[in-house]
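Try each one before reading its solution.

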Amino acid sequence: MITIQNTSKKYGTVKAVDDVSIQVHEGELFGLLGPDGAGKTTLLRMVNSLILPDAGNIQLWGLDPVADYRQVRQIIGYMPGKFSLYTDLTIEENLNFFATVFGTTIAENYHLIKDIYQQIEPFKHRPAGKLSGGMKQKLALSCALIHKPKLLVLDEPTTGVDAVSRQEFWEMLQALKTKGITIIVSTPYMDEARLCDRVALMQDGQIHACDTPANVVAGFGKTILGVKMTNVYKGLTDLRVWKHTDNVYPCGEYLHFIATDSHVDVASVTQYLVSLGHQNIDIVNVNPDIEDCFIELTRTH
Amino acid sequence: MKRFTAFVRKEFLHIFRDSRTMLILFAMPVVQILIFGFVITTEISDASIAILDKSKNEMTREITAKLASSGYYNIKHLLHSENEIEAAFKRDRVKMVVVFEPQFSKRFYADKQASVQLIADASDANSARILTNYAEGIITSYQNSKNSDVGAVAKPIETQVRMFYNENLDGVFMSVPGIMAMILMLVSAMMTSISITKEKEFGSMEVLLISPLKPFQIILGKVTPYILLAFVNVLTILAMGYWVFHVPIRGSLFLLLGESMLFTLLALSLGIFISTVAQNQMVAMFMSMFALMLPTILLSGFIYPVENMPYVLQLISHLMPPKWFIIIVKSVMLKGNGIMYVWKETLILMSFTLLFVGLSIKKFQVRLK
């Protein structure tokens, strides 16, 4: 179990992590969601002992990453955001190196990485630099797992990876979870939130919500209308200046529209748009998802 | 231990798989010693000269023959009048013109005073000085032999010059110690600082820090291959110096190798120190270049003698570790001295090493910034 309490980290005057308190439960797949620059990497690095917090307290099964960093490093498997294996070494050499450095062998923990490693094993004599993005990611995950860590810390593992590989990767994480490994994964992709047990939404160093994806969505509490018309761009600017508009933003092929009060309905929005000469107006009710929650939460804070 | 050997193995793989690194490590020392040995040389051989002989008698012909047979000069032109001197310098690019006055031997025997004028192209001041010095020497010894022939008293004071430790004033004797210092600096300091900062730049240092490897294991694993490679380089340079340029090794070979290893350690500790300060390979390379290579070449007495520098630069040169190493190498290789004569310099190198190791340990981060 991981407890982060009132943790802060400043770089100059920028608060990278600002008074963050969250808990990650044992055996959980925990998602840290947020756009680039939200402070996710800094927070993860404080958890895995690579960065000292300015303030606050972090505990991993009772270990403090500041004082007990040696023990903490023993129980963590870490995959940094940047591909950080040796591009001039082959797949096998990389894996062997990390196994030896962590005081184990590939054979000893093969069962743990088997599902992942088997996919890249046919290319084991290929230098890591010549692998595709998805294969690099599988290798990096294998290397992070080879010493059977208690906690797996993954920093944006799916950034820059194609959609199919992303899907596969999340399936691998689900499989690892069943082996009792606690996983913290950061991602800028909101659609990945539903694959996590619990998520924390982070922006500008602050956590705006921390719950199961369903609860986060349930807490949204406002009605969203999806609005579409011929000239979407003009529609967006027109809706932005409307006195009944709380917020409007493009989301897929629709504009997501949130009204200031509940009696603004489909009819009144249509009437407003027609009065401004819009054509082919299509308005539907939309169920909020994590992205809507995220936009709402970061806007109101 | 298993961890450590795995690390060293990985380092060797990095080195052997990168052709550029291999080139720097193994081709450069050879190329450099050849270049410095053959090109940067203060020796004169076959310099083109012209003779304007206005007396044309046996004596002037003998002197001319002596100049020609010395090996230093190549007589390109025989001039007929003063007007041709300028053209000889400009068009024919001769380096020196020797002018004998008319009635040379008559004046030598009758007046006891005959003049030879040496006109040198001093646009290259150094070679002009050397050319005229050598010519003066040849003419003086000729004069002495003539004086004794006719039973005349030689000049009351006769200077006899002998160049100890390097009889022929071979420039390569100077170059070998300097090149050793330079190559060891390059291989040890620059290559280690680059290879450590490379891990920082590519992010693998993050993973290494997270691993159970202790900082000293990471550092030691990084430098071990370079200790071995630097040793190979020392042997290469000494062998090339000995067999290609006939630079003698008069002192103990073991002492020489020992001092070289000490200097390698010093350079490695400098490299480690640089890597703790520099955040990426570019910075590490520039720091090594400007902080190490240039001073090694300019301020260590490798090319320019320290004694002729302004006082301030002389003081700075004391802080240049290569200076002390070059003194040691010259002393052991050329003079055949033992440790008794170089213990002070050795001690200085040791102190530098300890200083940089200490600083590096202090600066090495077990965390990221």
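Helix axes are lines fitted to C-alpha atoms over the stretch in contact, and angles between N-to-C directions run from 0 to 180 degrees. Keep in mind that this model is predicted.

**Exercise 1.** Work out how helix α10 of chain B and helix α13 of chain B are oriented, and which residues make their contact.

*Solution.* Start with the geometry: α10(B), residues 253–277, packs against α13(B), residues 321–333, at an angle of about 170°, and the axes lie 10 Å apart. Angles over 145 degrees count as roughly antiparallel, so α10(B) is roughly antiparallel to α13(B). Next, list the contact: α10(B) supplies L255(B), L256(B), E259(B), S260(B), F263(B) and L266(B), while α13(B) supplies P321(B), P322(B), F325(B), I328(B), V329(B), V332(B) and M333(B). Finally, sort these residues by type: 11 are nonpolar, 1 is polar and 1 is charged.

**Exercise 2.** Locate L228(B) and decide whether L228(B) is buried, partly exposed or exposed.

*Solution.* First, find L228(B) in helix α9 of chain B, residues 215–243. Then take its relative accessibility: because the value is 47%, L228(B) counts as partly exposed.

**Exercise 3.** Which residues touch the most other members of the largest nonpolar core?

*Solution.* This core has 151 residues, and the answer is L43(A), F98(A), L141(A), L152(A), L154(A), L173(A) and L176(A). Helix α7 of chain B, residues 171–202, gives the most to this core, with 16 residues. Now zoom in on L173(A): leaving aside neighbours within four places in sequence, L173(A) contacts L29(A), L154(A), I183(A) and V185(A).

Definitions and conventions:
Residues numbered from 1 in each chain as written. Chains lettered and ligands numbered in written order. Predicted model: local features only at pLDDT ≥ 70, side-chain atom pairs only at ≥ 80, totals over all residues. Heavy atoms only, no water. Helix = DSSP H or I, 4+ residues; strand = E, 2+ residues; numbered from the N terminus. Parallel < 35°, antiparallel > 145°, perpendicular 65-115°, else oblique. Contact = heavy atoms within 4.5 Å. Nonpolar A, V, L, I, M, F, W, Y, C, P; charged D, E, K, R; others polar. Buried < 20%, exposed > 50% of the residue type's maximum accessible area, 1.4 Å probe, protein only. Core = buried A, V, L, I, M, F, W, Y, C linked by side-chain atoms within 4.5 Å.
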